[in-house]
Amino acid sequence: MIKQPHELALLAESGRLLASVFEMLDKLPLQGMSTLEVDSIVDKFITHDLQARPASKGQYNYPFVLNASIDNVICHGVPSQSDILREGAIVNFDITLEKEGFIADSSKTYLVGDVSVEARRLVRTTYEAMWEGIYRVRPGAFLGDIGWAIEKHAKRSGFSVVREFCGHGIGREMHEEPQILHYGKRNTGLVMREGMVFTIEPMLNQGGRSIKQQDDGWTITTRDGSLSAQFEHTVSVTATGFSVLTLGSNEKGMLNRR
């Protein structure tokens with residue numbers, strides 16, 4: 001669970017590379033593209049341009065590089081040629097990358113064209129909620145503080161938090177201990193220690209928090225058909241607080257809002 005300095009350096013490099021994947025996606029004209037096209041672009045960028053491995057491809061027999069979750073899909077949306085990103089949609093791309101044996105994990109929800117005010121508010125609140133959780137990371141604090149902060153921010157805006165999926169430790173394996181819940185109580189759970197590395201990845205629903213698994217065995221949707229959004233970063237616990245290993249260059253201002 002505790003990573004050594006040389007392991008943290010390798011994780012940071014994987015995180016830096018993964019951040020560059022999202023910076024590439026930020027420039028893509030998503031409207032009109034299929035999610036399978038996006039998957040192919042990301043696959044080529046990771047393997048050819050970055051000389052790294054898309055860690056999700058082949059894991060649990062999953063054949064794609066990313067998850068593409070549109071509108072009411074909470075997570076694990078499967079790329080498809082028939083899923084076209086149309087104006088007004090929101091879509092989450094969840095991507096993992098492995099370099100030199102260490103894995104980084106991140107996701108971002110994109111707005112496609114002209115999106116409704118309520119959809120924008122959901123996406124903005126989800127992003128803020130992730131950061132509310134990140135700001136609680138420091139040695140000596142409790143994991144429950146993360147979930148408490150996320151849930152508080154979500155509920156204040158009238159949104160619900162999905163409970164069936166959580167953040168997780170990460171390193172040489174995609175899913176390691178500890179689990180990071182996105183709800184909970186302050187001063188409960190495991191005490192954070194310097195060298196821990198885990199993901200914080202809240203999923204917020206516009207309506208109720210109940211979920212439904214689709215027949216493909218992967219796709220998870222909201223039971224009531226409401227919109228859902230997600231953001232995710234890989235975070236390490238440092239001696240004085242935290243480091244966001246998958247931080248994008250356009251997000252560095254968030255570090256000054258603590």
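1. In what order do the three strands of the open sheet with S1 stand, and is their pairing parallel or antiparallel? The order is S1-S3-S4, and the pairing is antiparallel. Strands here are DSSP runs of E with at least two residues, helices are runs of H or I with at least four, and both are numbered from the N terminus. Two strands count as paired if DSSP finds at least two bridges between them.

2. A word on the basis of this note. The model is predicted, so local features need pLDDT of at least 70 and side-chain atom pairs count only at pLDDT 80 or more, while totals for chains, interfaces and linings use all residues. Residues are numbered from 1 along each chain as its sequence is written, and side-chain values use heavy atoms, with hydrogens and water left out.

3. Back to the sheet S1-S3-S4. Its edge strands are S1 (66-70) and S4 (102-111), each of which pairs on one side only. Neighbouring strands of this sheet are turned by 15° against each other on average, direction ignored. Such angles are taken between N-to-C directions and run from 0 to 180 degrees, with axes as lines fitted to C-alpha atoms, for helices over the stretch in contact.

4. S3 (residues 90-99) and S4 run antiparallel and are joined by 10 bridges. Thr 96 stands opposite Asp 105 in S4, and Lys 99 stands opposite Phe 102 in S4. The hairpin of S3 and S4 has two residues between the strands, and Glu 100 takes a positive phi near 55° there.

5. What lies across S3 and S4? Helix H1 (residues 5-26) does, running at about 25° to S4. S4 is mostly covered, with eight of its 10 residues buried. Buried means a relative accessible area under 20%, exposed means over 50%, and partly exposed is in between (1.4 Å probe, protein chains only).

6. Another open sheet has three strands in the order S2-S11-S10, with antiparallel pairing. S2 (73-75) and S10 (211-213) stand at the edges with a single partner strand each, so one side of each is left without a neighbour in the sheet. Neighbouring strands are turned by 40° against each other on average in this sheet, direction ignored. Two bridges pair S2 with S11 (residues 220-222) in the antiparallel sense, and Val 73 has Thr 221 in S11 as its bridge partner.

7. Strand S13 (residues 233-237) is largely enclosed by the rest of the structure, because five of its five residues are buried. His 233, Val 235 and Val 237 point one way from S13, while Thr 234 and Ser 236 point the other way. S13 pairs in the antiparallel sense with S8 (residues 197-200) over four bridges, and Ile 200 stands opposite His 233 in S13. S13 also pairs in the antiparallel sense with S14 (residues 242-244), over three bridges. Ser 236 has Ser 243 in S14 as its bridge partner, and four residues lie between S13 and S14 in their hairpin.

8. Is Gln 230 buried or exposed? Gln 230, found in strand S12 (residues 228-230), is buried, with a relative accessible area of 1%. Leaving aside neighbours within four places in sequence, the residues in contact with Gln 230 include Ile 74, Asn 92, Lys 108 and Glu 201; contact means heavy atoms within 4.5 Å. Gln 230 and Asn 92 are 138 residues apart in sequence, but 6.5 Å apart in space, C-alpha to C-alpha.

9. The largest pocket has a volume of about 520 Å³. A pocket is an open set of points on a 1 Å grid over the protein atoms alone, where a 1.4 Å probe fits, with protein on both sides within 12 Å along at least five of seven lines; lining residues have an atom within 4 Å of a point. The lining has 25 residues, of which Tyr 60, His 76, His 168, Met 174 and His 175 lie nearest the centre. S7 gives the most to this lining, with four residues.

10. The second largest pocket has a volume of about 220 Å³. Of the 16 residues that line this pocket, Lys 108, Tyr 127, His 233, Asn 250 and Glu 251 are the closest to its centre. H1 supplies the largest share of the lining, four residues. A volume is the space filled by probe spheres set on the grid points, which are joined across faces, edges and corners.
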